Amino acid sequence: MDSDFWDSRFSSEDYIYGLEPNAHLVSAARYLKPGSRILVPGDGEGRNGVWLAGRGMDVLSVDGSPAGLAKARKLAQSRGVTIATQQADLLNWQWPIAAFDAVVSIFLHFVPDDRKKIHAAMVSALRSGGILIFEVFAPEQLAFSSGGPKDLALLCRADDLRADFASLEILALDEAEVVLDEGSFHQGKAAVVRMVARKP
């Protein structure tokens with residue numbers, strides 16, 4: 001799914017994943033402090049990055065879709081906040097090293113080899129003591145129509161995250177069935193894996 005796919009998906013006036021932040025992010029935000037530098041890879045239309053900026057965070061939203069980033073900037077302006085944006089292919093982006101107090105990754109899915117590469121880059125991007133807030137769809141999501149990839153290889157279990165992020169201190173890690181209410185593309189019952197972890 002390249003930038004053309006996401007540009008097409010984000011081309012409507014509507015914010016297809018909604019205007020409000022992800023529920024797991026809201027729950028885990030107690031680990032974040034105002035003024036923290038936050039990286040939000042795959043931020044799409046900006047709902048999560050803009051919400052974090054509204055809480056006093058210094059946000060960099062990175063996405064492959066120019067259309068998504070334009071909507072993120074528009075949303076930030078409408079909320080009276082500022083976010084930095086950068087267009088990049090996350091697989092080929094030169095991820096910063098030890099530059100962020102937190103990484104917020106919400107519904108970013110990759111095939112296993114790419115997933116491990118991206119997850120390692122997230123760890124490297126964190127400063128010591130930095131927080132990773134993370135949510136993905138689980139394999140059981142294939143039974144639901146609330147969004148997410150339809151390819152089993154793109155879905156994760158808790159054990160996958162435990163292995164990928166073995167260098168982090170896991171503060172919370174759960175496989176759960178939830179009800180999503182995130183715009184028109186994430187509606188209804190969903191099977192997810194949610195994690196919060198800290199870099200030593």
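A: A crossover is called right-handed if, with the strands pointing away from the viewer, the path from the first strand over the helix to the second runs clockwise. Helices (H or I, at least four residues) and strands (E, at least two) are DSSP runs, numbered from the N terminus. The model is predicted, so local features need pLDDT of at least 70 and side-chain atom pairs pLDDT 80 or more, while totals for chains, interfaces and linings use all residues. Residues are numbered from 1 along each chain as its sequence is written, and side-chain values use heavy atoms, without hydrogens and water.

E2 pairs with strand E1 (residues 37-41) in the parallel sense, over five bridges; two strands pair if DSSP finds at least two bridges between them. In this pairing, Ser-61 of E2 stands opposite Val-40. E2 also pairs in the parallel sense with strand E3 (residues 84-87), over four bridges. There, Val-62 has Gln-86 of E3 as its bridge partner. In a regular strand the side chains alternate between the two faces of the sheet.

E1, helix H3 (residues 47-54) and E2 form a right-handed β-α-β unit. E2, helix H4 (residues 66-79) and E3 form a right-handed β-α-β unit as well.
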